[in-house]
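Student: I'd like to learn how to read side-chain features off a model. Can we go through one together?

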Amino acid sequence: MWQTLKDLFKVTELRNKLIFTLLILALYRFIAHIPVAGVNTARLAEFFQSNQLLSLIDVFSGGTLVNFSVIALGIGPYISASIIFQLLTMAVPSLEELSKEGEQGREKINQYTRLATLPLSLVQSLAVVTILRSQGLVTSQNPLDLMAMIITLMTGTMLVMWLGELISEFGIGNGISIIIFAGIVARLPIALFQTAATTSSTDIFQILAFGALGLLVVGAVVLVNEAIRKVPIKYARRVRGQQSFGGETNFLPLKLNQAGMIPIIFAVSLVLLPSLLGRFFATSGQEQLISLGLTLDRLFNPSGLFYNAFYFLLVMGFTYFYTAIVFDPEKIADSVKKNGGFVPGIRPGKPTSDYLNYVLGRITLAGALFLGLIAILPGVVQIFTDAQNLTLGGAGILIVVSVVLETAKQLEGKLVMRNYDGFIDK
C-alpha cells in the first residue's frame, strides 16, 4: 500500500487526481459544518444523544444531521433513487434494454436517477423538518422560513451528489463511496470520544474487548473481500501448420462477495425508513397515524429482534439482487465458448451457464450470510454486553475497509496501465 502511494506521487496525472479528490473531500467536510438557519442546534445535539437510532443515522451522515448542516440529508435520496431504478431495470423491459446498450445506456439511467433524486429529497426534507417541528427544535414557524429550510436541504443533497460525481470523473475511486467513507471516518473519533466519556473505569475491559472484536471484523472483511472461487477453464489445442495454439488451463475467478458493500448501503437506507416514518406519523395529530407511528417506532428499535432480523434479510436479499446485476453467467459462458474454452467435465454453452449459476449461488449464500452478520453485529453485541454507546458497528467498518481496498486496487491498476503504456511507447 505504501509503495503504491510512493509510486502514485511520482506520476503527475495520478498525483493531481489524488489532490483533486482530497480538495473535494475537504470542501465536503467544510460544508458539513454550515448549519441551516432556524434550528436550535444545541437542543438538537441533546436530542440525538438521547436516541440510539438517530445516533446511528448521524454516523452514516458524517455528523451533518447533528449539526443540521445544509447537506444534512447527505447522499441518502440519491441512494434511494439508485435502488428504485435498479429494481425498475429488472422489471421494465425498456430500461432493461437501455442498460444493455453499454456506456451510453448506463449514462441515460444515471441521468434518470439524478432527476428522481430531486423529488425524493423533497419528501425526505419535508419529513425531517416536520419531525424537528414536533420536537420544538425549529425556532421559526413562519411558512416561508420552513420552505427555505426544505429548499436548502434539497439543494444540499444535489450538491453532495455533484461533488461525488466530480470525484468519479476527475478524481480517484467511486465518488459516492468516497463521500460515504469520508463521512464515517470523520464521525469515528467523535463517536469514540463520546463512548470513552460515558464509560466508567469498570467498563474499560469491555471497551478493549470491543476494540479487539473490531480488529477481528476488519480482518474478516479483508479476507472475504479478497476470497475467490477458482473455476478451471481449459482451452482446446489448435494446430496450424507446424505451430500449435491453446491447450493451456486457466481459471475464472468468482469473488465470494460479488456485491461488495452495496447491499449494506442499500439496506441501511431502507431499514431506517420505517422508524423515520413512525416518527413522522407520531406528529400527525391523527389518532390512527399516531398509533401506527408508535408501532413502527417500537418494532424498528435498533436493539430489537424484529429490526435486526429485518435488517439481516434485507442485506441478504440485496446481496443476491446486486450479484445478479453485476454477474451474467450466460454472457461469461458465451465468451468462454467463443474463445475455445470449456470447464472440464461440463459441455460449453447452456450447461456451462447452469454450472456457473450453481457455483455462484453457493458462494453468494456464504457472502450474503457474512454481510448479514456484519450488519447486525451492533445489535448482537448489545444483547450480550452493556455497550449501548458504540454506534459504529460492522456496517461502518465494512464500508470503510471496502472503500480503502477498492480505491487501492484502482490505484494499482492505473499504475500498472501506465507502466504498460510507457513500455509500448518505447
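Tutor: Let's begin with a term: a residue is buried under 20% relative accessible area, exposed over 50%, and partly exposed in between. Keep in mind that this is a predicted model. Take Phe310: its relative accessible area is 30%, so Phe310 counts as partly exposed. Phe306, with 42%, is partly exposed as well.

Student: What is the burial like over the chain?

Tutor: Of the 426 residues in the chain, 43% are buried. The accessible surface of the chain is about 22,800 Å², and carbon and sulfur atoms own 64% of that.

Student: Back to those two Phe residues. How are the rings of Phe306 and Phe310 arranged?

Tutor: Ring centres have to lie within 6.5 Å to pair, and planes under 30 degrees apart count as stacked. By this rule there are seven aromatic pairs. For Phe306 and Phe310 the centres are 6.5 Å apart and the planes sit at 0°, so this pair is stacked. The two are four residues apart in helix α14 (residues 305-326), so about one helical turn separates them.

Student: Which residues do ring pairs link into a cluster?

Tutor: Phe266, Phe318, Phe321 and Tyr322. A ring can also have a charge over its face: Lys230 lies over Phe251, 4.7 Å from the ring centre.

Student: How do I read secondary structure and contacts here?

Tutor: Start with the counts: the chain has 18 helices and five strands. Then look at sequence separation. Taking contacts in the chain with a separation of 6 or more, 74% are between residues 24 or more positions apart.

Student: Is Ile150 buried or exposed?

Tutor: Ile150 has 12% relative accessibility, so it counts as buried. Ile150 is part of helix α8 (residues 143-170). Leaving out residues up to four places away in sequence, Ile150 touches Leu122, Ser125, Leu126 and Val129. Take Val129 from that list: Ile150 and Val129 are 21 residues apart in sequence, yet their C-alpha atoms are 7.2 Å apart in space.

Student: And what about the surface? Which residues make a nonpolar patch?

Tutor: Leu27, Phe30 and Ile34 make one of about 280 Å². Patch members need over 30% relative accessible area. Ile34 is at 34%, so it counts as partly exposed. You'll find Ile34 in the loop between α2 (12-31) and α3 (41-49).

Methods: Residues numbered from 1 in each chain as written. Predicted model: local features only at pLDDT ≥ 70, side-chain atom pairs only at ≥ 80, totals over all residues. Heavy atoms only, no water. Phe/Tyr/Trp six-rings, centres within 6.5 Å; stacked < 30°, edge-to-face > 60°. Buried < 20%, exposed > 50% of the residue type's maximum accessible area, 1.4 Å probe, protein only. Lys NZ or Arg CZ within 6 Å of the ring centre and 35° of its normal. Contact = heavy atoms within 4.5 Å. Areas by Shrake-Rupley, 256 points an atom, 1.4 Å probe, with all protein chains shown as cover. Patch = residues over 30% accessible without salt bridge, like charges linked within 9 Å, V, L, I, M, F, W, Y side chains within 5 Å. Salt bridge = Lys/Arg side-chain N within 4 Å of Asp/Glu carboxyl O.
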